[in-house]
Each structure stands twice: as structure tokens, then as C-alpha cells.
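Reader: I have a model open and want to learn how to read it. Please take me through it feature by feature.

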Amino acid sequence: MSGDTINIALVGCGTVGGGVAHVLLAHADRVTQRAGRPLALRRVVVRDHAKLRDPIIPRDIISTDIADAIHDPNVHIVVELVGGLGIAKKVVLDALAAGKHVVTANKSLLADAGAEVFEAARRAERTVCFEAAVAGGVPVIRALGESLAANQVTAIQAILNGTSNFILTAMAERGMSYAAALAEAQRLGYAEADPTLDVDGSDAAHKLAILAQISFGVAARPHEIARQGIDTIDAMDIRFAYELGYTIKLLAEAWTGGHSHSTNGAKLSRGGAANAAHANGGPPTVALHVAPVLLRHTDLLAQVRGAYNAVLVYGDIVGETLYQGPGAGQMPTASSVVADLIDLGVGRAQRTFAAAKLWSHEGRGFTVEPPERVRSRFYLRLQVADRPGVLADITRILADEEISISSLVQHETEEGEPGASATGAVPLVIVTHYASTGKFRKALERINALSTTAAPAVFFSMGD
Ligand SMILES: NC(=O)c1ccc[n+]([C@@H]2O[C@H](COP(=O)([O-])OP(=O)(O)OC[C@H]3O[C@@H](n4cnc5c(N)ncnc54)[C@H](OP(=O)(O)O)[C@@H]3O)[C@@H](O)[C@H]2O)c1
């Protein structure tokens, strides 16, 4: 990077871009001190020139000409904050080709086209920084890539979607229905008008794909990550889980070795299992999924409330570490983007980027565990006819698939209570011992086909 001052072009000045511009301009002295030289906001590119902007941004640096900004020879860093895969990808690739470093908060772009973007960066000998792409203001990318660099991560358990966590918290603490909690999240600005990507687990899967690349070197595409959303969770599941001692959270999880799904396992034995696989000559595996998981009330992640994000990382040397904070929003996300700019100013980011070799052919030997082989305990809720023999049919199917039952509760419901049904069907909750997901799904298919089950079974993984 030439000269003393570093010049920045900001492409996209909406929620996050507006925050980044504000921090750079309102806290210029602080940023200069931390970067060791001035970071000057030289250009701001938007779609609609007429839109009202933060008055702190000089009007004469705002334009709608992306190419002009990217190819400005005085610009050293392009910050892509447009979002999506179309224009954003072109901005990033063109900026790299023009010899600029890139900072982005775009999880979709990295999860879908990480290999292409990082290859382009290496070819151009430039750097891509993306702290804000996962968990907004929570510095988890830096923690994984730098602070925990002495470790092999053995497991990650994370709340990566604030919208879903807000909805689940409202359901658990205020007894709201899913629909009412979603409506409140929309009213308060935590959920988009179309909340699909948040509540069906897609958003969290994008972020998990990025964390899995950094931690395990696997290039899992988001659509290859097993995913279950929160939209099938009923108020009665929250209540039944609570009675059993659990809280339901939408978790993005990655764990190595042993194929089991358990917090203790992650801490105590999964790392060992991965090493054992190594020792036996087999490649180490990592299981990845996004799903609602029943966590003990006392688990750290069970206590993460509202729109917050949290990431638990287990390292083979450090043990368990937790990162928590605002996972989205203008200023938290801007905080991470500006930290990347400062790192580039200092010159740290360039060295870390070159050493990390992300999305390269130099993986760490991990392969992704096929979802059907992943083992877990399961919570299974059925609406069944209240008559003799029904239970026997269900337990026989589970036994056929070698799934043993840990507890079984038939809930008596009164009219008006959650679970009460006009057809006389009653909720039956079964908690299983460990079973492979493949066998569990086979059993589910057969249970759903029984004439005595009134509605498709609802099931979630257990976190222990
Ligand atoms: N919002 C969050 O809390 C958050 C958190 C973490 C990560 N992110 C990521 O940050 C990125 C930006 O999100 P955001 O919420 O800030 O989005 P946003 O508010 O919709 O802002 C998008 C910006 O891009 C500009 N833009 C769109 N199309 C353009 C075009 N063809 N040419 C030039 N400019 C164009 C828009 O211009 P106009 O202003 O003229 O419309 C706007 O300034 C996304 O990748 C998102 O996933 C967001």
C-alpha cells in the first residue's frame, strides 16, 4: 500500500455502510491512532443518489458509479456492503483485479463463492477481510483465525441468527405462539418482511459454512449443510421441553470425530475420536448442521436471550471458549468492518490472510460426515389417537430401528390448553437414547404413516 494515508471506497451505504462511514468520519482520530496512519473515506457509491444520507458524509464523495470508484488509482481498499451475490460479487472480483484489498460483510458471497473470491485475491496478491460476515459485532473470525491458532477446533456450537433467537426467547419467556413472536420480531425490526432465510436456518448455514472453512478447512456449500428451521416449533414444544429441563435454541453446530451430538462429548471425547480416526488411517470427519436443539437450562447457550449471537468454540489446547454479543445491527457490524480496515492499515491482515490459505487446496484433511450417520438423542412429539395399542405400534417401530427410549410422556390436555385437539388426539413426547439420524428418519417415516398419528411428527435434536 503506497503513501501514508489509506484511501477507502465504500460501495453500499445502507444500514452497515452508513455505520462504517459514520465511524470513519466521526472517530477519525481514534481510527488513525489504532491504524498507525489515517484511513480516509474517499468515495461512497450508492444506487440512489437522491436518498437522504448521514450529513457527516460530504455530498461530493457520493456517486452511483461503481467502476469509477473501484478503478480510482488513489483508492487502496474497497469495502463491499451491497449484499447478495450479483453486483456484490462483481464489485469484489473487480476490486481485487484492480489491485485493491477488499473488506466485506457478505456471508452469502463467501459461503457460495469463497473459493473463487479467495483464489482471485491470491492471484492479485491482495487480501479479503470479513469479520462482519459472521455474528456481526462478535469478533469470532479473528478468534478462530488468530487467537486460537494454536488449536485444532474440535467443536463449535453457535447461535448465529438473532431473529430466530429473538422468536424462541419470546416463545419461552412470554408464552407467545410462533406466529405472534415472529410478528413482534418484524414490528421491532429484528425480522425482514420475508423472514424465510432467518427462520429456516439458511442464514445460519451460510455462517456455519464460513466457520467450518476456517476451523476445519472444509468447503461445505450452505445447501449441503443439513438444516432444520424453527418454523415447526409449537408453543407446546417449548413447554414440554421446559418441563423436561431443556430450552430450545436454533444452533449451528460442527463437531469432529465420534459422530455423537453432545456438549460433553465435544469437550471430552470428540477431539480424541478424530485423532483415533487419524491413527487408524481414516480421514477425520466433521459433522455440520443447523437445527433446533434442546439444551439444558444451565447450558451457557441456553441463557443467550433475545437477538444476541453467541459462539462456543472447543479447542484441543484451550478447552471451551465463548464469544457473545450483538450479531447484527448498524453499529455492531460497522465495528467489525472498521476493525478489518484498521488491521489492513496496520498491515496485520495481509500477513494473516497469506498464512491462513482459506478456501485453497490446502485443506486440513477433514471430510464432512454424511448427515444420516450423525448420532444424536432426539425429542419426538406426536399427536396420537388416545386409544389402546397406539403406543405399542410406535415403540415397536423405534425398536425395529434400534432406537431405545429414554423417557416417554403422554400429556393430558384440557380444552384450550396447548396440545388439546378437537379430534381427541393427545400429544405424546418421546426422548430417545443415541441413534443415527438415518435410522431415526426411517422410523419417523413409518410412524407418520400410522393411521393413529394425527399429524406429522415433530422432532428436534437433544444437546446432551
Ligand atoms: N444489516 C445488518 O445488520 C448486517 C449484519 C451483518 C452483515 N450484514 C451484511 O452487510 C451487507 C449490507 O447489508 P445492509 O443491511 O447494510 O444492506 P442495505 O441497508 O440494503 O444497503 C445496501 C446498500 O447497497 C447499495 N446498493 C444496492 N444496489 C446497488 C447498486 N446497484 N449500485 C450501487 N449501490 C447499490 C444501496 O444503495 P441505496 O442506499 O441507494 O439504496 C445501499 O446503500 C450485506 O451483505 C449483509 O448481509 C448486514
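This is a predicted model: local features need pLDDT of at least 70, side-chain atom pairs count only at pLDDT 80 or more; totals for chains, interfaces and linings use all residues.

Reader: How are helices and strands defined here?

Author: They are DSSP runs numbered from the N terminus: helices are H or I with at least four residues, strands are E with at least two. The expected span of a helix is 1.5 Å times one less than its number of residues. Helix α7 (residues 162-174) has 13 residues and should span 18 Å; its end C-alpha atoms are 17 Å apart, which agrees.

Reader: How many residues of α7 are buried?

Author: A residue is buried if 20 or more other C-beta atoms lie within 10 Å of its own, exposed if 12 or fewer, and partly exposed in between; C-beta atoms are placed from the backbone. In α7, 11 of the 13 residues are buried, so the helix is largely enclosed by the rest of the structure. Among them are G162, F166, I167 and L168. Just after α7, G175 takes a positive phi of about 65°.

Reader: Which residues does I159 touch?

Author: Contact means C-beta atoms, placed from the backbone, within 7 Å. I159 lies in strand β7. Leaving out residues up to four places away in sequence, I159 touches N165, K249, L250, L251, L301, V304, N309 and A310. I159 is buried, with 26 other C-beta atoms within 10 Å.

Reader: Which residues touch the most other members of the largest nonpolar core?

Author: Nonpolar side chains tend to be buried together in soluble globular proteins. A nonpolar core is a set of buried Ala, Val, Leu, Ile, Met, Phe, Trp, Tyr and Cys residues joined through C-beta atoms within 7 Å. The largest one has 145 residues, and L10, V11, V20, L208 and A254 touch the most other members. Helix α10 (residues 202-216) supplies the largest share of this core, nine residues. Beyond four places in sequence, the contacts of A254 include A155, L208, L211 and V286.

Reader: Where are E125 and A135, and is each buried or exposed?

Author: E125 is in the loop between α5 (107-124) and β6 (128-129). E125 is exposed, with 10 other C-beta atoms within 10 Å. A135 is in the loop between β6 and α6 (140-147). A135 counts as buried, with 31 C-beta neighbours inside 10 Å. Neither is a glycine, yet phi is positive: about 55° for E125 and about 60° for A135.

Reader: Which residues come nearest the ligand?

Author: A residue is near a molecule if its C-beta atom, placed from the backbone, lies within 6 Å of it. Of the 24 residues around the ligand, G12, G14, V16, G83 and A328 come nearest. Helix α1 (residues 15-26) gives the most to the shell, three residues.

Reader: What domains does the assignment give?

Author: Domain bounds come from an automatic or database domain assignment. Here they are domain 1 (6-133), domain 2 (140-328) and domain 3 (373-462). Taken over C-alpha atoms, the centres of domain 1 and domain 3 are 51 Å apart.

Terms used: Residues are numbered from 1 along each chain as its sequence is written. Two residues are in contact if their C-beta atoms, placed from the backbone, lie within 7 Å.
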